[in-house]
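Hi everyone, thanks for coming. Today I'd like to walk you through one structure, picking a few residues and seeing what surrounds them.

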Amino acid sequence: IDWILDQGLKYHLSVFMPKSSYIPDPVREKIDAFNRRMGYRFVLRQMVLPLEAKPGQRIPFEMFLDNVGVAPIYRPYRLAFRFRQGREQHIVLSAADVRTWLPDHTWFSEEIVFPPALWRGETKVDIALVDDTLTPRIRFAIEGVLPDGWHPMTSMDVV
């Protein structure tokens, strides 16, 4: 069974559906470990944003993540930043193509436009991988997720 599972990972398996197949107890642990490795699994290692910014200003960010799975993601989801102040929220999309986040390390830097409608004070920053409706679809393999699927990251000062 070890050889069979290794071959599945070697060929970047993304789906395994043993639905009605019995999995014997002696191999259950190996199958569970196999399930955790197949497909993609994005672990955010570091994200760097400025401490403060002016509304409408272009701000840099850097991200370092690991795809600890064995395959890339195939759908064109988008990395999104959500800036929250009270009940107001503003979503800014990154230009990053998440389909290029292959297994192993990925580091990239980019500039996004800090939302012009923010007012002075603190804004909370969340991230997510969203679909065309700006709904979070893929979770990062990190602790902390809000009920709506966004990952809270940090706060910034609007000056």
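I'll go through some rings, then an arginine, a proline and a surface patch.

Quick housekeeping: this is a predicted model, where local features need pLDDT of at least 70 and side-chain atom pairs count only at pLDDT 80 or more, while totals for chains, interfaces and linings use all residues. Residues are numbered from 1 along each chain as its sequence is written, and side-chain values use heavy atoms, with hydrogens and water left out.

Okay, rings. How many aromatic pairs does the structure hold? There are 7, where a pair means rings of Phe, Tyr or Trp (its six-membered ring) with centres within 6.5 Å; planes under 30 degrees apart are stacked, over 60 edge-to-face, and the rest tilted. One of them is Y40 with F42, a stacked pair at 5.4 Å centre to centre, with 20° between the planes. So is F42 buried or exposed? It counts as buried because its relative accessibility is 1%, whereas Y40, at 33%, is partly exposed. By those words I mean under 20% relative accessible area for buried, over 50% for exposed, and partly exposed in between, with a 1.4 Å probe and protein chains only. Ring pairs also link Y40 and F42 with F61, F81, W101 and F108 into a cluster.

Next, R82. You'll find R82 in strand β4, residues 78-85; strands are DSSP runs of E, at least two residues long, numbered from the N terminus. Which side chain does R82 meet in a polar contact of 2.6 Å? That's D148. A polar contact is a pair of N or O atoms within 3.5 Å; within protein, one must be able to donate a hydrogen and the other to accept it, and residues adjacent in sequence count only if both atoms are side-chain atoms. Beyond four places in sequence, R82 touches residues including H90, K124, L146 and W150, touching being heavy atoms within 4.5 Å.

Then there's P60, in strand β3, residues 58-67. P60 is partly exposed, because its relative accessibility is 45%. Leaving aside neighbours within four places, P60 is in contact with V48, L49, P50, E110 and E111. H12 is another story: P60 and H12 sit 48 residues apart in sequence and 33 Å apart in space, C-alpha to C-alpha.

Last stop, L134. It lies in the loop between β7 (121-130) and β8 (136-138), and it counts as partly exposed because its relative accessibility is 33%.

Methods:
Helix = DSSP H or I, 4+ residues; strand = E, 2+ residues; numbered from the N terminus.
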